[in-house]
Amino acid sequence: MPELSVVIVGGLHADARKAAVARLLADVPDSLVLHHDLATAAAGTVVRTIRDTAGVVSAGEAPLVNDCACCALREDLVPELLRIRDAGATRMAIVELWDSVEPKAMAEVVTAGGLTVTGVITAVDPALVLPYLGNGDDLAERGLAAAATDQRTVADTFARQLEYAPVLAVADSPEADEEDGELLAQLHPTARRVPIGQGAAPDHLTVPLPRDRPLSPLARAALCGFDVEAAEAAQHPACALLPAEADAHGVATLVWHRRRPFHPERLYAALEDLTCAAARSRGRFWLADKPDVLLHWDAAGGALCVESAGPWLASLPDAAWDMVPPVRRAAAALDWHAEHGDRCQHLVFTSPALDRDGLEQLLESCLLTDAEYAAGRDAWKRLPSAFDTLLEV
């Protein structure tokens, strides 16, 4: 083990998150919990607390940075962790993130600070997965914004929290049914799902277990190691490990993969229907009028984000390939087409009661027709650029 293991625990499901943190604190001797409460940002500060199994060890405040509570967290987190490490009495520092803070940024900040992240965990209540994925409210409307300029929604924030973490700490919710569990499994099929018990943390979890007792499954998962670069690659639209086809307990995942480009106007006209067709959809796609641009599709809560994720590798000169990360080159090679290279449509839709046939028909109708396809790339580039406003071109 490193001299200090840092475990990041996050999630909008506050009761599940607190139960997971309490479980870890009780299970791992010589551990501390470090938490920054961003709810006090309106007063100009972020409140930091450090606690062990006996209660609060210390408390302090960090001033906002550029009127941003999350920026204050970034500035204060590493120095506090280094202080804990240098004191030499702590085996594991559990960083409990505030509700809407996303684990990706914090894992990267901690690693860049020279510390070792051994685990990233998102705590979830299965009964709340669908309601949160369907919640298109702005975080600011719910009092969960991390900065005055924070324009994220509950749905897209929850989706990123869920999909980034390799470990999901799953609350034993009496309201959850098989459909809820299946939705969670299909949204993040590669995650290690570890039960943490029911509801909020019970009082007995604040009592540490004997030192010679074997670690719980959650504690073992928290200490098994975490690769920041691999996690970054797993989220990049060019090489993301997206869910596979599935259909069980009323939940389905449709994987739609095609080689023909979209007609920009027809796809744009269908965006609302496609966005609302599933609780969650994501992937990569290409437009006929922008053949060199890899576009990222990211939808949750009835809202869609489309943005450029850089060039397709097929559009780059050979000399530029050496500057591309190996994982990106490997993903492109697996998906390579003799004519189009790595250009493709790869979209994944997951939802209860998914209308697979209707969704496929709608997607197919947005592709170039045979005649449009045969006209060739010069003609494709002259098609109306319906996405320019959305992409802020």
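**A look around the predicted model**

Ala353 is exposed, at a relative accessible area of 71%; on this scale, exposed means over 50%, buried under 20%, and partly exposed in between (1.4 Å probe, protein chains only). The model is a predicted one, so to speak of local features takes a pLDDT of at least 70, side-chain atom pairs count only at pLDDT 80 or more, and totals for chains, interfaces and linings use all residues. Residues are numbered from 1 along each chain as its sequence is written, and side-chain values use heavy atoms, with hydrogens and water left out.

Back to Ala353: this residue turns up in the loop between β14 (345-352) and α11 (356-365). Helices (H or I, at least four residues) and strands (E, at least two) are DSSP runs, numbered from the N terminus. Most residues other than glycine have a negative phi. Ala353, though not a glycine, has a positive phi of about 50 degrees. Asp30 also has a positive phi, near 60 degrees, and is a residue other than glycine. Asp30 sits in the loop between α1 (14-27) and β2 (31-37), and is partly exposed, with a relative accessible area of 38%.

Next comes Arg48, part of strand β3 (residues 45-52). Arg48 counts as buried, at 12% relative accessibility. Its side chain makes a polar contact with the side chain of Asp76, at 2.7 Å. A polar contact is a pair of N or O atoms within 3.5 Å; within protein, one must be able to donate a hydrogen and the other to accept it, and residues adjacent in sequence count only if both atoms are side-chain atoms. Setting aside neighbours within four places in sequence, Arg48 is in contact (heavy atoms within 4.5 Å) with residues including Leu34, His36, Glu61, Asp76 and Glu80.

What about the cysteines? A disulfide is a covalent bond between the sulfur atoms of two cysteines, and here the call is made when a pair of cysteine sulfur atoms lies within 2.5 Å. The structure holds zero disulfides. Cys70 is in none, and the nearest cysteine sulfur, that of Cys68, is 5.5 Å away. Cys68 is buried, with a relative accessible area of 10%, and Cys70 counts as buried too, at 15% relative accessibility.
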